[in-house]
Amino acid sequence: MWLLFLACLLCTALIVTDCQTLSNERPIIGVVTEELNYTNVKDAKSMIVANYVQFLEAGGARVIPIWIYKPREYYEDIISKINGVLFPGGGVPLSGNGYGQTGQIIYDIATKMNDKGDYFPMWGTCLGFELLNFVVAKKDFMKRCDAQDLSTSIEFSNGYKNSKMFSDLDENLNRSMQKQKVAIHYHRWCLTSKNYTLSGLNKYFKVLAVNKDKENTTFVSIIEAFKYPFYGVSFHPEKVLFEWVLSKTHQNIPHNLDAIRTSQYFANFFVNEARKSHHHFPNKKAEDEVLIYNYNPVFTGKYNANTQTYFFQ
């Protein structure tokens, strides 16, 4: 009898271990909405540029919008049901009570989750990259720079291959990233290498790559937290894949094969990180009610460089 009982316990332990290592093949990632900085939709209150949704879908994830201006309880609830968060780029203040405050709350919740062993990844693109650094440093250490419509290669830092992000990078793509223009920057503020050290951010994030702006100022362009599955890029991989507007301010988005493969690499990497989270909704109905499929993007190319945007009323 005791031998049978012990055997059952051992079997149960093995099943639990296997469950913890299984990949979640139906990841759902939340994209944080932003305050409006333009609109052609009446009564709209917040927005998501559709490129970010498409970027995550290209990696094999589904998407839900995460609303701004909500109480902490809302964020605790929704994060317990999804598998990661993406902070998109944009032009809103990090110190505001919308996108910026939402980012601070989500960062606090995600940090506590990971500290308890509940794997939960986050990704920041451009403004989202700045937001991650802002909430960690608790101060703005950015400097004015000129990286608008700037296409670059990726200048890897020492030790980048020892990161989660690039440990599986194949040599062919590795060479292409370093030799070809594969990234597009749209930002007027940068975190210089000097300020990254002065701020202490280099103790929280490992700098995986840098770039130079049009005035030859070196700035940090790819980061990965040492302790947490938090990642950021100062450029826009989603634009390479999904944005085709040509205008005075948008002339240099690369669409060559190496740029496409690079952007797909980032999408695949982050979605695969989300597969390590096993949060889920209580049922399919609750899941379906919040997915981005409930909303329709609006063509905004006439008014803005972005091709499509979701506006939320």
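How are α4 and α5 oriented to each other?

A: This is a predicted model, in which local features need pLDDT of at least 70 and side-chain atom pairs count only at pLDDT 80 or more, while totals for chains, interfaces and linings use all residues. Residues are numbered from 1 along each chain as its sequence is written, and side-chain values use heavy atoms, with hydrogens and water left out.

Helix α4 covers residues 99-115 and helix α5 residues 127-137; they pack at an angle of about 60 degrees, and their axes are 10 Å apart. Helices (H or I, at least four residues) and strands (E, at least two) are DSSP runs, numbered from the N terminus. Axes are lines fitted to C-alpha atoms, for helices over the stretch in contact, with angles from 0 to 180 degrees between N-to-C directions. α4 and α5 are therefore oblique to each other; under 35 degrees is roughly parallel, over 145 roughly antiparallel, 65 to 115 roughly perpendicular, and the rest oblique.

The contact (heavy atoms within 4.5 Å) is made on the α4 side by Y99, G100, G103, Q104 and Y107. On the α5 side, L127, G128, L131, V135 and V136 take part. By class, the residues of this contact are six nonpolar, four polar and no charged. Ala, Val, Leu, Ile, Met, Phe, Trp, Tyr, Cys and Pro count as nonpolar, Asp, Glu, Lys and Arg as charged, and the others, Gly among them, as polar.

α4 also has a part in covering helix α3: together with β4 (62-66), α4 is included in what covers the buried residues of α3. In α3 (residues 72-79), Y74, Y75, I78 and I79 are buried, that is, under 20% relative accessible area, against over 50% for exposed and partly exposed in between (1.4 Å probe, protein chains only).

Now the loops next to the pair. S95 counts as exposed because its relative accessibility is 66%. From S95 to H236 there are 141 residues in sequence and 22 Å in space, C-alpha to C-alpha. On the α5 side, K138 is placed in the loop between α5 and β7 (143-152). K138 is not a glycine, yet has a positive phi of about 60 degrees. With 65% relative accessibility, K138 counts as exposed. Strand β7 itself holds D149, another residue other than glycine with a positive phi, near 55 degrees. D149 is buried, at a relative accessible area of 9%.

Helix α2 (residues 50-58) and helix α9 (residues 257-274) cross at roughly 75 degrees, and their axes come within 8 Å. That angle makes α2 roughly perpendicular to α9. F55, L56 and A58 of α2 make the contact with S263, F266, A267, N268, F270 and V271 of α9. This contact divides into seven nonpolar, two polar and no charged residues. The buried residues in α2 are A50, N51, Y52, V53, F55 and L56. Just after α2, G60 has a positive phi of about 100 degrees.
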